[in-house]
Amino acid sequence: MAVKDRDRFSTATRIRLLGEQTAARVYRSQTKRQARRSRLTGRAALLALVLCSLIVALAYPIRQYVSQRAEIADLQRQQEEARQRVERLRDQKARWQDDAYAEQRIRERLHYVMPGETGFIVVDPGSARQSRADLGAADRPWYSNVWDGVDKSDASDQ
């Protein structure tokens, strides 16, 4: 029966019904858009503004806090290193207070020997080759050796 009723309507009636349905859909979509727009009220905008202001106001103090905490940690690390260095120096001072240790270090550094001992000095083989190379310098005039010494010292400064 619905098919017969549909066939009974004229083309003008069908177009009018189609227009009404379309208008109803458009009206529904407009009300939905208005409903979506109405979600952002003045209160919500004010709340967003207050939150943004708080974030901006707190950003600098938080950054300062974080940097100061990092600086405190660095200073604590330096303090611990200084404390360890003081301990090492105290240990070294205590060792130097011992006469046997002082004597051992003096004999080692200054090549002292006690009466009745025989001292030996071991020469590095690399330095022996160098001294043989310097023997060739005896064949040259003295001013060449002086200029070579100046060149060597100048090269070592660079």
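In this predicted model, helix α4 has twelve residues and reaches 16 Å from its first C-alpha to its last, close to the 16 Å expected at 1.5 Å a residue. After α4 comes histidine 111, whose phi is positive, near 60 degrees.

Along the way, α3 has a kink of about 35 degrees at alanine 59, shortly before proline 61.

How do the two helices meet? Two packed helices are described by the angle between their axes and the distance between the axes. Here, the axes of α3 (residues 42–97) and α4 (residues 99–110) come within 5 Å and cross at roughly 90 degrees. The two helices are therefore roughly perpendicular to each other. On the α3 side, the contact is made by Arg95, Trp96 and Gln97, while α4 brings Asp99, Tyr101, Ala102 and Arg105. Sorted by class, this contact has three nonpolar, one polar and three charged residues.

Charged side chains also pair up, as the structure holds seven salt bridges. Aspartate 74 and arginine 77 are three residues apart in helix α3, so about one helical turn separates them. An α-helix has 3.6 residues a turn, so residues three or four places apart point the same way.

Technical notes
Residues numbered from 1 in each chain as written. Predicted model: local features only at pLDDT ≥ 70, side-chain atom pairs only at ≥ 80, totals over all residues. Heavy atoms only, no water. Axes fitted to C-alpha atoms, helices over the stretch in contact; angles between N-to-C directions. Helix = DSSP H or I, 4+ residues; strand = E, 2+ residues; numbered from the N terminus. Parallel < 35°, antiparallel > 145°, perpendicular 65-115°, else oblique. Contact = heavy atoms within 4.5 Å. Nonpolar A, V, L, I, M, F, W, Y, C, P; charged D, E, K, R; others polar. Bend = angle between axes of the 7 residues up to and from the residue. Salt bridge = Lys/Arg side-chain N within 4 Å of Asp/Glu carboxyl O. Expected span 1.5 Å × (residues − 1).
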